[in-house]
Amino acid sequence: MMGGGPTGTTWYQDADSDTYGNPNETATAVDQPLGYFANSLDCNDDVNEGGDINPDATEVADGTFADENCDGSVDENVRYIFVTSTTSGGNLGGLSGADATCQTQADLAALPGTYRAWLSDSITSGASRLTQSSVPYVTPDAAVVANDWSDFTDGTTNVVWMYADATQPNPLNAVGAYIGEYVTWTNTKSDGTIADIGSSCEDWTSDESVFVSGIWGHTYDETVYSGMKASYSETWTRLQSMSCAHWDAINGTTELAFHLLCLQQ
Ligand SMILES: [Ca+2]
Ligand SMILES: [Ca+2]
Ligand SMILES: [Ca+2]
Ligand SMILES: [Ca+2]
């Protein structure tokens, strides 16, 4: 007899009985052992949680951030949207610094994917630099904010976002907690274009208090929520322009600091 290894086929354990085997639990035998299969396609074979997770399952965005269909991507049928839990003046480190803040908070919360801020500077618009999703934007607790990019940018999209907790406008941060505030730097119109080339806090690099300003907005439509008459025609995303200063050295006061709205790409 040539060779000394075991004879037979490699079989993969199916602990959670969904007919898909665990690539890490093998047995070698001529005949199929009880509880084993020839395939190694199960990405979760935990008997307590993995029965509904296999290549035949439907991917769901339910706040558990599981890869139900074992395709290697988590919640690929949605894009998450959240508001940063931190605030700052107009010096965001440019668009790239703002995007990095979004990514850091998403990563800390274990949200899947790549994130960028809903933000324009004097040259680059949000619409031109953000992936325009064909699948729904959802909060970290999986409430649908908009059905896709065109729905998100049609100017009337943020009702679900606004009433996420059913009582008042109150967006979620990356870990799905209500942050109690809804003011974000944007310089972006509701259609994603630049709101004002002169109102991006010097391309989001300035905390200057007097000579530069930045446009901010709410995460919901204030005219719908409270009947407030805004400086601009849209209160969602561009309510008004304001000093870029977090700390106002001249007046010795702390100005309002704003959050960022972050979108998965
Ligand atoms: Ca299995
Ligand atoms: Ca499974
Ligand atoms: Ca998946
Ligand atoms: Ca999922």
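Analyst: Both faces of strand β9 are covered: S213, I215 and G217 on one side are buried, and so are G214, W216 and H218 on the other. A residue is called buried if 20 or more other C-beta atoms lie within 10 Å of its own, exposed if 12 or fewer do, and partly exposed in between, with C-beta atoms placed from the backbone. Strands are DSSP runs of E with at least two residues, helices are runs of H or I with at least four, and both are numbered from the N terminus.

The model is predicted: local features need pLDDT of at least 70 and side-chain atom pairs count only at pLDDT 80 or more, while totals for chains, interfaces and linings use all residues. Residues are numbered from 1 along each chain as its sequence is written, and chains are lettered from A and ligands numbered from 1 in the order in which they are written.

Strand β9 covers residues 213–218, and six of the six are buried, so the strand is largely enclosed by the rest of the structure. Strands count as paired if DSSP finds at least two bridges between them. Strand β8 (residues 183–185) runs antiparallel to β9 and is joined to it by three bridges; here V183 stands opposite H218. Strand β10 (residues 240–243) is also antiparallel to β9, with four bridges between them, and W216 faces Q240 of β10.

The loop between β8 and α5 (201–204) contains K189. This residue is buried, having 24 other C-beta atoms within 10 Å. The C-alpha atoms of K189 and W236 are 8.4 Å apart, although 47 residues separate them along the chain. Helix α5 itself includes C201, which is buried with 28 other C-beta atoms within 10 Å. Most residues other than glycine have a negative phi. C201 is not a glycine, yet its phi is positive, at about 50°.

Another positive phi, of about 65°, belongs to A110, again not a glycine. A110 lies in the loop between α1 and β5 and counts as exposed, with 11 C-beta neighbours inside 10 Å.

Five strands form an open sheet with mixed pairing, in the order β5-β13-β4-β6-β7. At its edges stand β5 (115–117) and β7 (144–146), each with a single partner strand, so one side of each has no neighbour in the sheet. Helix α1 (residues 94–108) packs on this sheet, touching β5 and β13 (261–264), and its direction makes about 135° with that of β5. Such angles run from 0 to 180 degrees between N-to-C directions, and the axes are lines fitted to C-alpha atoms, for helices over the stretch in contact. Two residues are in contact if their C-beta atoms, placed from the backbone, lie within 7 Å.

Within this sheet, β6 (residues 137–138) and β7 pair antiparallel over two bridges, with Y137 opposite A146. Y137 is also one of the residues touched by I81, leaving aside those up to four places away in sequence. I81 is in turn among the residues with the most contacts inside the largest nonpolar core, which has 40 residues. Such a core is a set of buried Ala, Val, Leu, Ile, Met, Phe, Trp, Tyr and Cys residues joined through C-beta atoms within 7 Å.
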